[in-house]
Amino acid sequence: MSVAPEEREEVRAQAKWVRISPRKARLVTDHIRGRSVPEARTVLAFTTRAAAREIEKVLRAAVANAEANHNLFGDDLRVSAAYVDEGPTIKRWRPRARGRAAQIRKRTCHITIKLAPAPETARVTRARSAEPPAEEKPKRAPRRKAPKAETAETAPKAEKAEEKPKTKPKRTTTRKKKEETAS
């Protein structure tokens, strides 16, 4: 059973032969899979890995494809699929000790991002959340109350506290002990 393109409307963009190891790029694509486009852009902007810049370019290209070719609004899309395939490996040689050589593998990858319209429930929820709530309570801890005047219950506790001396026992060092025994 095939799905008509109008019902599915999945848009994709692909970057081929990107000079990043596929294993490193997959770590970043795992973060954006299933997220909305604005949320994915935010995640990529604050990801410190080098692959995040390349994946962000592919995401921008996919959004541009959706807006130009399918008349979709970019912020209403979500990342339905994001995967990284292994590309060809460039092989180089490096001289090593005793006339030997070691192989250097410069790996490449193909990054693919697919976008799909967000489900209707997510659109409705976001539209409602855009309106400010009628009454909003402050998000802070309640103020501390001023200390109450002494009552009959708290007065005995205060007296008991005053009766106990709060001095630490004196510590004598070994030098003082030696001086005392010498005299």
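A salt bridge is a side-chain nitrogen of Lys or Arg within 4 Å of a carboxyl oxygen of Asp or Glu. A search of the whole structure, a predicted model, finds four salt bridges. Local features need pLDDT of at least 70 and side-chain atom pairs count only at pLDDT 80 or more, whereas totals for chains, interfaces and linings use all residues of this predicted model. Residues are numbered from 1 along each chain as its sequence is written, and side-chain values use heavy atoms, with hydrogens and water left out.

**View 1. Overall chain.**
The protein chain contains seven helices and five strands; helices (H or I, at least four residues) and strands (E, at least two) are DSSP runs, numbered from the N terminus. Along the sequence these elements follow the pattern α-β-α-α-α-β-β-β-β-α-α-α. The chain has 183 residues, of which 22% count as buried. Buried means under 20% relative accessible area, exposed over 50%, and partly exposed in between (1.4 Å probe, protein chains only). The accessible surface is about 15,300 Å², and carbon and sulfur atoms hold 50% of that area; accessible areas come from the Shrake-Rupley method with a 1.4 Å probe, and for residues only the protein chains shown count as cover. Among contacts (heavy atoms within 4.5 Å) with a separation of 6 or more, 71% join residues 24 or more positions apart.

**View 2. Helix 2 against helix 3.**
The axes of helix 2 (residues 22–32) and helix 3 (residues 37–45) come within 9 Å and cross at roughly 145°. Axes are lines fitted to C-alpha atoms, for helices over the stretch in contact, and angles run from 0 to 180 degrees between N-to-C directions. The crossing of helix 2 and helix 3 is right-handed; a crossing is left-handed if the near helix is turned anticlockwise from the far one by less than a right angle, and right-handed if clockwise. Helix 2 contributes Val28, His31 and Ile32, which meet Ala40, Val43 and Leu44 of helix 3. By class, this contact has five nonpolar residues, one polar and no charged. Ala, Val, Leu, Ile, Met, Phe, Trp, Tyr, Cys and Pro count as nonpolar, Asp, Glu, Lys and Arg as charged, and the others, Gly among them, as polar.

**View 3. The Asp30–Arg33 pair.**
Asp30 and Arg33 form a salt bridge, with 3.1 Å between the closest N and O atoms. Arg33 is partly exposed, at 39% relative accessibility. Asp30 is also partly exposed, at 46%.

**View 4. Two pairs in helix 4.**
Glu54 and Lys57 lie three residues apart in helix 4 (residues 51–69), so about one helical turn separates them. Their side chains meet in a salt bridge, at 3.8 Å from N to O. Glu54 is partly exposed at 26% relative accessibility, and Lys57 is partly exposed at 46%. Glu56 and Arg60 are four residues apart in helix 4, which means a separation of about one helical turn. The side chains of Glu56 and Arg60 form a salt bridge at 3.0 Å, N to O. Arg60 has a relative accessible area of 45% and is partly exposed.

**View 5. Gly87 in its loop.**
Gly87 sits in the loop between strand 2 (77–86) and strand 3 (90–95). Gly87 counts as buried because its relative accessibility is 12%. Apart from neighbours within four places in sequence, Gly87 is in contact with Thr108, Cys109 and His110. Gly87 and Thr108 are 21 residues apart along the chain, and their C-alpha atoms are separated by 4.8 Å.
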